[in-house]
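Biologist: Could you take me through this model? I would like to start with the overall fold and then turn to individual details.

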Amino acid sequence: MNPPFKHVWIIGASSGIGRDTALAFAKVGIKVVASARSQDALDALVKAGGGNIRAFAFDVSDRDATLAASDAIDLQYGPIDALLFAAATWNNSKDSQASTSVIKPVFETNVYGALNAIEAVLAKMKRRQSGHIAIISSVAGFRGLPNAMAYGASKAALTHIAEALKFECDPFGVVVQVIHPGFVKTPLTDKNDFKMPFLMSSEAAADRIVNGMTKGGFEITFPRRFTWMLKVLRAMPYALYFPLITAATKQSS
Ligand SMILES: NC(=O)c1ccc[n+]([C@@H]2O[C@H](COP(=O)([O-])OP(=O)(O)OC[C@H]3O[C@@H](n4cnc5c(N)ncnc54)[C@H](OP(=O)(O)O)[C@@H]3O)[C@@H](O)[C@H]2O)c1
């Protein structure tokens, strides 16, 4: 495995997919700067990373802190040539999510956090005419799903942002990728109280991400059998989609 970059910044690296991807990159000799809010979890990751992982804690929903983190990382460790945005928060409340008070905190991290991170690296990458930005979205953003309005809308926005960003970055030689995972066992999905089809380990998800960021191509998606089923659902007419999801949700609860 020989990724086309040497220095990756992973935001959302203190647990789950981001953490295991940091370890997977470190294993193949890539230098990783691991970020999240939890300093203790990042310190433990640094210990596990065999000298290839450094920690830089901050809150990505804070724009000033994110821009300052990017500059400080460049100064301390050298320029970042790849960004993996893996931070997210989730609200699976069965109460109505159709409220700013529910949606805003999810968007602050998942969408505005991603935009803060992109802003923090984009101008520098464009100036260098090289760079790599990978954004973890989700199949949950493909279509509206029950009890997932806040998270799903944030992920639909992320996929849209990645698509639009690709047009902007292509002329500068900056690679943009979107990652659409299915269900992966992490602290995020440990909160779910329903059966998760095709549940993967986060180590397996990390391998797919490292592989996908090495090979290139706009979309990285896994596990394929599940995500292709969701792509069929995405293309389905509403008259079929709503009864099918209503029935499937009843069965799995
Ligand atoms: N697990 C799945 O089935 C699944 C499926 C599809 C997509 N995804 C996506 O995959 C990515 C990783 O998810 P995961 O399942 O690995 O979840 P996770 O274990 O909960 O990890 C989320 C990470 O985001 C960090 N984070 C949250 N808010 C932050 C903030 N304001 N500033 C900085 N870091 C913040 C968390 O660290 P701190 O709390 O320490 O800040 C943590 O490191 C997310 O984008 C998620 O939406 C997951």
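This is a predicted model: local features need pLDDT of at least 70, side-chain atom pairs count only at pLDDT 80 or more; totals for chains, interfaces and linings use all residues.

Biologist: Understood. How many helices and strands does the protein chain have?

Modeller: There are nine helices and nine strands in the protein chain.

Biologist: And what is the radius of gyration of the protein chain?

Modeller: It is 18 Å, which agrees with the value near 18 Å that a compact globule of 253 residues would have. The C-alpha trace spans about 55 × 40 × 35 Å along its principal axes.

Biologist: What share of the residues counts as buried?

Modeller: Of the 253 residues, 40% count as buried. As for contacts between residues at least 6 apart in sequence, 64% of them join residues at least 24 apart.

Biologist: Let us move to helix packing. At what angle do α1 and α7 pack?

Modeller: Helix α1, residues 16-27, and helix α7, residues 202-215, pack at an angle of about 60°, and their axes are 8 Å apart. The crossing of α1 past α7 is right-handed.

Biologist: Which residues make that contact?

Modeller: From α1 the contact involves Gly16, Ile17, Asp20, Thr21, Ala24 and Phe25, while α7 contributes Ser202, Glu203, Ala205, Ala206, Asp207, Ile209 and Val210. By class, the residues of this contact of α1 with α7 are seven nonpolar, three polar and three charged.

Biologist: What about α3 and α5, how do their axes cross?

Modeller: The axes of α3 (residues 63-77) and α5 (residues 112-128) cross at roughly 35° and come within 9 Å. This crossing of α3 past α5 is right-handed. On the α3 side the contact is made by Arg63, Thr66, Leu67 and Ser70, and on the α5 side by Asn116, Ala117, Glu119, Ala120 and Val121. Four nonpolar, three polar and two charged residues make up the contact of α3 with α5.

Biologist: A change of topic: where does Ser15 lie?

Modeller: Ser15 is in the loop between β1 (7-11) and α1.

Biologist: Why does Ser15 count as partly exposed?

Modeller: Ser15 has 18 C-beta neighbours inside 10 Å, whereas a residue is buried at 20 or more and exposed at 12 or fewer. Ser15 therefore counts as partly exposed.

Biologist: Which residues does Ser15 touch?

Modeller: Leaving aside residues up to four places away in sequence, Ser15 touches Ala41, Thr186 and Pro187.

Key: Residues are numbered from 1 along each chain as its sequence is written. Helices (H or I, at least four residues) and strands (E, at least two) are DSSP runs, numbered from the N terminus. The radius of gyration is taken over C-alpha atoms; the globule rule is 2.2 Å times the number of residues to the power 0.38. Two residues are in contact if their C-beta atoms, placed from the backbone, lie within 7 Å. Axes are lines fitted to C-alpha atoms, for helices over the stretch in contact, and angles run from 0 to 180 degrees between N-to-C directions. A crossing is left-handed if the near helix is turned anticlockwise from the far one by less than a right angle, and right-handed if clockwise. Ala, Val, Leu, Ile, Met, Phe, Trp, Tyr, Cys and Pro count as nonpolar, Asp, Glu, Lys and Arg as charged, and the others, Gly among them, as polar.
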